[in-house]
Amino acid sequence: MEIKAKLKDFICSTLGVEPDVLEYDTELFSEDPINLDSVDSLEIISFVDGEYGVDMTGVGKEHFVSIDTIAAYIEENK
Amino acid sequence: MTKNSERCVITGLGMISAVGDNVKECWESVLASRSGIEHTTTVDTENCYSDYAAEVRSKGWDNIPGTEGMDRVSKLCIKAVDEAMKDSGLDDFRGDSRVSVIMGSCVGGVVSAEEYYTKEKRKELIPQMPISAIASQAAAWCHAGGAVTNVANACAAGTISIAYAADLIRAGKADIVVAGGADAFASVPYAGFTSLHALDANPCSPFNHLSGITLGEGAGALIVESYEHAVERGARIYCEVLGSGVTSDAHHITAPRPDGECQMNAIRTAIESSGLTEADIGYVNAHGTGTAKNDEAEFLSLHTIFDGKNGDLSVSSTKAMTGHCLGAAGAVEAVFAVKALTGNTVPPTLGFSKEDLVKLKERAGDIDFCPNFPKEKELKTVMSNSFAFGGNNASIVFSKEQGGVKPVKNSRGAAITGLGIVTPAGCGKESYLELCGKDMKAGDAVCSEVSKEQYDELGLKMSFYRKLDRFSQLQCVSGMYALKDGGYEITGENAPQTGIIVGTSEGALSPVCDFEMLIAEKGNANGSAFKFPNTVYNAAGGYLSICSGIKGYNVTATNGAQSGLFSAAYALDVIRAGKQKAMLATGTDENNEIMRELFGGLGLASEEPVMPYSGKDKFTLSDGSTALLLEDIDSASERGAKVYAYLTGSGSACCGVPFGTLSGSEKALETAVMEAIDDALLARDDIGAVIGFANGHKAVDAIEEEALKNLFGERANTLPVISVKDKLGEGRAASAALGAAHAALMISGDIKEQEYYTAGGKQTGKLETSGLDNILVISYGSGGSYCAAVISREDKQ
């Protein structure tokens, strides 16, 4: 499965996000419709580390904007 | 000045923590600036970034007769209770119904849960897991016979317990309350806080480095007593318990409001209800966990409230010595606050280097944070603050002086103006009324489900409800339905005047077990930050505060199935005391694979449908959530609310039998019923029907039958006894609260005809509800705790 699809699958199955509102460019941390917070970001960091061996601890907010930006960071750093 | 009849005092202290096995040792450690934080060796720390903990490391402390087989948390609790009772000159309470036990806890019997999932699935471990066990076992151990419950409000639980103790005494419902809190260090909290990156990699450093907490463990117990009772028995009095404040943030499940609004409301309420001003507080034992979010919010709150009004305030966090003892924290810190007051010594906040002291000066302003060393100071009045996951805030005031606590005696009832009902048969009041007319039997549906349909109807967005575990889902939906049904809109004005009491038997035990299974498989370094917040029992009440906007009182009470009715009794006391205008009182429990395994392991959950009064040794496990909106009668009338009925009285009593059993405790049910009838200013003959608690398990059913026969004599042969479990099974707290809602629906005429049994299920019949003026609702809790309430057509006052 490609990175973006895996990220989407993870965000929906683990963080309770409904698939129909989550596109690859949807802003994850904006208030509507998803509103991820710092607790959710810990889960994403843990998933990315476990799945791709990429440590996103302390990485700038601009890389957590959407599935697109997280996937781009993983591609660049794996 | 507080009238003698309203005065509550502390007459005994007990504690155990990493810095000592008793009050004397702990206080000596405080005076010596000794920390109990060390590297832990008791949990798996592989790949974890922090291995510090403040554990009780001494040997032999747990050798207390009568506690064999109990979880570590109950042993810690009883160790502190034993010391406090001896300190107060109290012996065995011999079933005295004027003695209550209120204990706080965050994680309950997680040591037993860990053993169950990592070593052997012994059935003896199962009753030790829920928080319910703690106060129940402590009450059975000292034979207290009054109201018994646990306050499960995470890190604010200990403080709320003491506040509630004083409220119970001022409401005239107890003479003595053994209050406090207990929690044990274990893998669940350790892995949980690790997953949240909330642990400090070094020993915690409150109001200083702000890089996280260090977990501790222990227990604190205080004998809270009516002044007149204490004087009569010649007890030594440490100090007065004055006012308190309990609020909720309506903000976030783990993070406090950065603007400190509701923390400040709690602190201000505590000061005002004490009849004092900011200038009167000499010392604050702060929450001071060492996390940036908590301590920054607390700096802000303390400066906003006290700057310019109190130029001689001392503040410290004792967590740098004891670690964060979670549900025990407020109790341990209350003991320290009382010792500080009576010993005229401010405990230190440890951990400041020379450089740190320079930074502290900038942050502290006029407040003395008492860095590194204790300080002698003449103290008259002190405060202890606790803030918790779920957005709960609690503040309490202790004083050498009488203060100005206002009288609260008020025997009026509360109007029931809204109902929210979630059952396995559907969601909402209309769905329940439909079910009442159907031919349905226990076992036909046993798991409640909420869906997008309800969230949409209630205006709850996915960005909110995606976080909820199932227990919280049920709770939020029933609570929001009750507000909607009552036409009660939360506004900026009424949000602080509205509160929540969640009652639950097993609470968040399923998320706890789920989390335990996760870390048992993957190690403590691999817990889930998403799941961990839902392991605290008050998460559901916290989420309800967030989605409704309610900012007042917020307590999660847990002591068996009766908790669902106890919540209403508690809410009635809060309204009568004038603390809130309206309260949501709920009962919620879930049925899932984990619950079926645990109840099945105890041999209690039947795979075949079981009807009440069928003489089996099992019952049909079910679930749900019921919420009642209770309002101050004048407030309800002012806004023209539709009133279903009035909650006019309540009573609680306990006859300690081994936790997990009931037999031999029926006298406590009779005591609870008589208290409730008296409280409603009624007589036994005024009761027209009873909502019972029989579930088909012969031991449960026998208690109900025996007590009704003893209470009502010959009349018991004809007195209608109504079951909400014959259609829906044993939903525990959900059923208990549903009983009260069902009674309200009968009084209001929404249910016009009702099928009934007589005591013991001997006969059945059908009655017209229009002739009913007062309905008695009863419920039971494992370990022999009972609650009774009266639902009436009119409020007698």
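**Exercise 1.** Work out which residues of α4(B) are buried.

Solution. Start with the rule: a residue is buried if 20 or more other C-beta atoms, placed from the backbone, lie within 10 Å of its own, exposed if 12 or fewer, and partly exposed in between. Applying it in α4(B) gives B:Ser132, B:Ala133, B:Ile134, B:Ala135, B:Ser136, B:Gln137, B:Ala138, B:Ala139, B:Ala140, B:Trp141 and B:Cys142. Now put that together: 11 of the 11 residues of this helix (residues 132–142) are buried, so it's largely enclosed by the rest of the structure.

A quick note on the model: it's predicted, so local features need pLDDT of at least 70 and side-chain atom pairs count only at 80 or more, while totals for chains, interfaces and linings use all residues. Residues are numbered from 1 along each chain as its sequence is written, and chains are lettered from A and ligands numbered from 1 in the order in which they are written.

**Exercise 2.** Decide whether B:Glu115 is buried, partly exposed or exposed.

Solution. First find B:Glu115 in helix α3 (residues 110–118) of chain B. Next, count: 19 other C-beta atoms lie within 10 Å, so B:Glu115 is partly exposed. For a sense of distance, its C-alpha atom is 34 Å from that of B:Ala292, 177 residues apart along the chain.

Key
Helices (H or I, at least four residues) and strands (E, at least two) are DSSP runs, numbered from the N terminus.
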